[in-house]
Amino acid sequence: MGSDPIIGLDEVSKIYPLPSGDVIALDKVNLAIDEGEFLAVMGPSGSGKSTLLNQIGSLDVPSSGNLSLGGRNIRDMSDRELTSLRLTMIGFVFQKFNLVPLLTAYENVEYPFILKNRKSDEAGGHVSRVLQMVGIDPVLATHRPPELSGGQQQRVAIARALVNDPKIILCDEPTGNLDSENGRQIMGILTRLNGEGRTIIMVTHDPVVASHARRTIVMQDGRIS
Ligand SMILES: Nc1ncnc2c1ncn2[C@@H]1O[C@H](COP(=O)(O)OP(=O)(O)OP(=O)(O)O)[C@@H](O)[C@H]1O
Ligand SMILES: [Mg+2]
């Protein structure tokens, strides 16, 4: 492992041009995150937390500044390379789970795996193992998201984020729609994944949830305060 951070932001800005005027969602943010870190991102609503996470996930190109992932500037990558990087290096977990309602839990997890590997005989065993790891048994795996509890849906969403074995897991309010017991279980899973060496970046409003992380940054008006 080199000494380069796995994620580097150099003066990254994100500006949304609107008829009412430009919104500066991120304002020249500098941030270095080492491999294996567990980082919490806090701050008031509208301070730029989700924008920061989406930039790190390279769901979006910065308006200015540079983002590097695994030591490479994303501006130097082709669209194909970026798509492949998003599929293999990064897993996303959202507050509202964002599962496909018409697919079963199993199929939701299998989908990104097939995108990466194509359908294969090994897919089934792998998908089932990842679901078991987050506590979804084979019967629950046949349910569609509306037939699962919030906590179960979030565990399926974590399995989906994990299925391609990403080094980085980005979570936007992963416990925001859960009661405290389910929230604790999700934090247990994230802590275990960090213990395996995965880099975790988690947006949260909840100081108790943030206390699981080893470092916390606070956003304010598009900057790290
Ligand atoms: N697609 C968009 N177009 C225009 N403005 C946007 C867009 N997305 C976000 N913004 C603005 O950028 C700023 C930062 O938004 P962001 O979603 O990152 O905040 P947040 O810290 O995640 O807030 P919350 O805690 O409510 O989720 C806000 O002022 C928001 O209105
Ligand atoms: Mg947000």
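**Exercise 1. Helix 3 and helix 4**

At what angle do the axes of helix 3 and helix 4 cross, and within what distance do they come? Classify the pair and describe the contact.

*Solution.* The model is a predicted one, in which local features need pLDDT of at least 70 and side-chain atom pairs count only at pLDDT 80 or more, while totals for chains, interfaces and linings use all residues. Residues are numbered from 1 along each chain as its sequence is written, and chains are lettered from A and ligands numbered from 1 in the order in which they are written.

Step 1: the axes of helix 3 and helix 4 (residues 121–133) come within 10 Å and cross at roughly 130°, where axes are lines fitted to C-alpha atoms, for helices over the stretch in contact, and angles run from 0 to 180 degrees between N-to-C directions. Helices (H or I, at least four residues) and strands (E, at least two) are DSSP runs, numbered from the N terminus.

Step 2: helix 3 and helix 4 are therefore oblique to each other, since angles under 35 degrees count as roughly parallel, over 145 as roughly antiparallel, 65 to 115 as roughly perpendicular and the rest as oblique.

Step 3: Ala105, Tyr106, Val109, Glu110, Phe113, Ile114 and Asn117 of helix 3 meet Ala123, His126, Val127, Val130 and Leu131 of helix 4, contact being C-beta atoms, placed from the backbone, within 7 Å. By class, this contact of helix 3 with helix 4 has nine nonpolar, two polar and one charged residues (Ala, Val, Leu, Ile, Met, Phe, Trp, Tyr, Cys and Pro count as nonpolar, Asp, Glu, Lys and Arg as charged, and the others, Gly among them, as polar).

**Exercise 2. The partners of helix 5**

How are helix 3 and helix 5 oriented, and which residues of helix 5 meet helix 6?

*Solution.* Step 1: helix 3 (residues 105–117) packs against helix 5 at an angle of about 20°, their axes being 8 Å apart, which makes helix 3 roughly parallel to helix 5. Here Ala105, Asn108, Val109 and Pro112 in helix 3 meet Val156, Ala159 and Arg160 in helix 5, and the classes represented are five nonpolar, one polar and one charged.

Step 1: the axes of helix 5 (residues 150–162) and helix 6 (residues 180–195) come within 10 Å and cross at roughly 15°, which makes helix 5 roughly parallel to helix 6. On the side of helix 5, Gly150, Gly151, Gln154 and Ile158 meet Asn182, Gln185, Ile186 and Ile189 of helix 6, a contact with three nonpolar, five polar and no charged residues.

**Exercise 3. The shell around ligand 1**

Which element gives the largest share of the shell around ligand 1?

*Solution.* Step 1: the residues around ligand 1 include Tyr16, Val23, Gly43 and Lys49, a residue being near if its C-beta atom, placed from the backbone, lies within 6 Å.

Step 1: strand 1 (7–18), strand 2 (21–33) and helix 1 (49–56) are the elements that give two or more residues, and helix 1 gives the largest share, three residues. The shell divides into four nonpolar, seven polar and one charged.

Conventions:
Contact = placed C-beta atoms within 7 Å.
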